Protein chains: 2
Amino acid sequence: MEMREEVAVIASATSRFTKKEPSILELSCQPALKIFRETNIDRTEVDSVIVSTCSMLQYTSSIVCEMLGIRPNKSCRLDNLCNSGSIAIASACSEIAAGFSDCALVIGAEIISNSSAKKLEWDLTRGQFNHPVHWASLFARSHMRKFGTTEEQMALVAVKNRKNSSKNPLALFRNKITLEEVINSKKISDPIKLLDSSYVCSGSSAVILASKEKAKKLTDNPVWIKGIGQKTTCASLSQLLSKHDVGFTTTQEAARQAYKMSQKRPEDIDVAELHDAFTITEIMAYEDLFLTKKGEGGKFVTQEQLSINPRGGLLGCGHPIGCTGVAQVAEIAAQLAGRAGQTQVKGCKTGLVHNMAAAGTSSSVLVLGQ
Amino acid sequence: MEMREEVAVIASATSRFTKKEPSILELSCQPALKIFRETNIDRTEVDSVIVSTCSMLQYTSSIVCEMLGIRPNKSCRLDNLCNSGSIAIASACSEIAAGFSDCALVIGAEIISNSSAKKLEWDLTRGQFNHPVHWASLFARSHMRKFGTTEEQMALVAVKNRKNSSKNPLALFRNKITLEEVINSKKISDPIKLLDSSYVCSGSSAVILASKEKAKKLTDNPVWIKGIGQKTTCASLSQLLSKHDVGFTTTQEAARQAYKMSQKRPEDIDVAELHDAFTITEIMAYEDLFLTKKGEGGKFVTQEQLSINPRGGLLGCGHPIGCTGVAQVAEIAAQLAGRAGQTQVKGCKTGLVHNMAAAGTSSSVLVLGQ
């Protein structure tokens with residue numbers, strides 16, 4: 001796989017993440033309106049719109065286009081559970097790299113009441129254990145058994161990400177928490193506790209992507225999508241468990257693709273957004289993205305050499321399903337462009353986004369650079 | 001807009017269209033399984049899967065991948081009401097033209113019970129007139145008033161398409177109908193009668209697209225996607241009506257793009273699939289695709305120089321919403337490859353697919369060639 005043309009992120013914005021239940025349409029429009037208000041990008045520039053959401057309204061994307069006053073060529077809604085947003089970004093990149101589009105608006109949005117996206121009802125192999133916390137506990141227990149990972153190491157992920165989100169005015173959770181608070185929080189499915197878990201909430205994010213030529217016209221501060229990796233192996237946990245070595249094989253494969261396409265190595269990454277739906281998934285992501293060796297993710301939390309989840313991740317910001325992948329790209333693009341505000345990581349030049357869905361049965365990895 | 005690489009259709013298959021209510025997942029798999037059974041294409045070749053459906057199951061595409069035994073890079077569901085299938089095909093083409101994918105499987109599927117896709121509930125400007133038959137009657141009455149189009153001319157579209165579908169073993173309606181039967185059928189919303197209207201039903205279709213190199217390896221009979229045009233202007237009828245001249249402006253714009261990209265002219269088209277959700281929409285499509293002059297669509301039915309809707313169109317085959325655009329491309333690809341069976345049009349070399357959604361607020365046009 002190659003990318004025939006590098007694609008630029010020329011703008012991004014994210015809404016406040018909340019427990020409120022706004023209209024999915026108004027929520028979808030919010031961050032795009034902020035971009036049109038605060039940048040020189042005119043809505044007539046946009047010729048492709050993709051809305052990433054697991055919410056069920058028909059014709060969502062065309063309705064959002066009308067509400068935003070955009071008359072694009074392509075317009076559609078796209079979903080793939082938690083992995084929706086990153087796939088939408090990758091799809092928009094392919095439109096541009098193919099020469100079909102010069103400027104694409106990707107919107108991710110979800111409302112808290114869309115409970116159908118929280119469980120994979122189809123996967124009957126899980127029996128009554130169809131909530132994500134159950135696979136998280138399986139992974140956590142296996143990782144502890146095989147590698148000696150501790151509940152304290154997992155808790156440190158939550159402490160770190162909540163410390164980060166305390167500086168992020170858009171985050172759902174603005175208060176820091178202590179190691180003791182995580183360890184003593186309510187057990188949901190042993191060893192996963194309440195504060196090991198992200199909170200599915202309402203939120204939206206928008207990213208505008210452009211071809212080289214269009215980016216030159218519209219911004220003097222582009223960030224480039226240098227590599228994209230995607231992999232799907234299955235949908236059900238039973239299929240997954242037979243293959244894995246306490247790791248997300250889809251993440252490993254997507255990471256290999258993204259590093260290769262971008263000609264970057266794990267040690268080049270300065271800042272990363274990892275899919276911390278649970279503390280254990282961030283620890284496993286360290287390993288499966290090759291930031292550390294398999295089995296050493298637990299230790300990596302304290303040794304961390306690069307800045308991971310500076311906005312607070314899913315644990316700190318909340319996890320609006322179809323929005324998350326877009327918000328992650330919005331954050332890394334803002335970091336690399338030096339416009340991340342209070343959560344800015346100094347001097348970062350290369351960033352990574354990792355997203356996945358349904359127990360890691362599908363994953364996306366993007367490498368971005370200046 | 002350009003297309004950096006031509007993309008080949010290397011296989012296609014369509015299910016029987018029915019009034020039954022099969023599982024959306026089993027229905028989605030059917031035509032793809034037929035392709036894997038009847039061609040030399042192995043499922044390991046597929047590295048991109050898009051499922052087009054307005055049905056609401058979460059993670060549909062990844063589940064379908066697991067059921068089919070495919071482990072692609074990209075996998076997602078995509079929708080945009082009646083226009084979903086063609087957008088899915090265009091998206092897959094962009095993946096390939098961008099260099100992200102060498103072989104993409106696009107599946108369109110819908111079940112009859114998915115009633116949420118039949119009306120655009122959001123469009124409150126329509127008041128109680130939110131069923132598609134109401135906008136069809138508005139267009140029909142305006143076209144009659146302005147251009148002298150007659151109910152008989154509209155009825156002839158139904159007679160033609162039902163004659164075609166009588167030869168198509170997959171069609172929902174296998175019996176021919178007469179002009180009198182159409183004219184005397186139940187009035188739904190004057191002047192639209194029951195037999196002027198397509199029937200929303202269950203059905204699925206699959207198309208496999210490939211890069212030049214991969215097509216060379218997998219088939220000796222490729223058909224090429226030579227041009228793609230897409231346009232969205234709005235979502236609500238009130239916005240549309242203020243702009244139109246008894247025509248689908250989105251179709252006109254999409255057609256201009258597709259002719260330009262393919263370097264083909266309307267007179268080059270030998271065979272076409274047009275969106276005949278109602279008889280009037282086929283008549284208007286003749287005009288808006290520039291196959292005849294504006295206002296002369298009514299006469300064109302009897303003068304027809306090229307073969308339009310040879311499989312029977314939506315009027316004869318039925319209209320499974322998210323499947324339709326894929327089934328249209330499957331049919332034109334089969335026609336140009338000379339594998340259309342009993343509905344084969346002799347000697348056709350260039351074909352066109354026209355699809356649209358929600359009163360023509362968005363349209364897609366594809367030009368295919370040998």
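Visitor: How many of the 370 residues of chain A count as buried?

Guide: A residue is buried if 20 or more other C-beta atoms, placed from the backbone, lie within 10 Å of its own. In chain A of this predicted model, 64% of the 370 residues count as buried.

Visitor: How are things named here, and which residues are used?

Guide: Residues are numbered from 1 along each chain as its sequence is written, while chains are lettered from A and ligands numbered from 1 in the order in which they are written. Because the model is predicted, local features need pLDDT of at least 70 and side-chain atom pairs count only at pLDDT 80 or more, whereas totals for chains, interfaces and linings use all residues.

Visitor: What is the mean pLDDT of chain A?

Guide: pLDDT is the predictor's confidence in each residue, from 0 to 100. Chain A has a mean of 94, with 98% of its residues at 70 or more. The model scores ipTM 0.96 and pTM 0.97.

Visitor: What does the C-alpha trace of chain A span along its principal axes?

Guide: About 55 × 40 × 40 Å.

Visitor: How do helices H3 and H13 of chain B pack?

Guide: Two packed helices are described by the angle between their axes and the distance between the axes. Helices are DSSP runs (H or I, at least four residues), numbered from the N terminus. Axes are lines fitted to C-alpha atoms over the stretch in contact, and angles run from 0 to 180 degrees between N-to-C directions. H3 (residues 84-97) and H13 (residues 324-337) of chain B pack at about 65 degrees, with axes 5 Å apart.

Note on methods:
A residue is buried if 20 or more other C-beta atoms lie within 10 Å of its own, exposed if 12 or fewer, and partly exposed in between; C-beta atoms are placed from the backbone. Helices (H or I, at least four residues) and strands (E, at least two) are DSSP runs, numbered from the N terminus.
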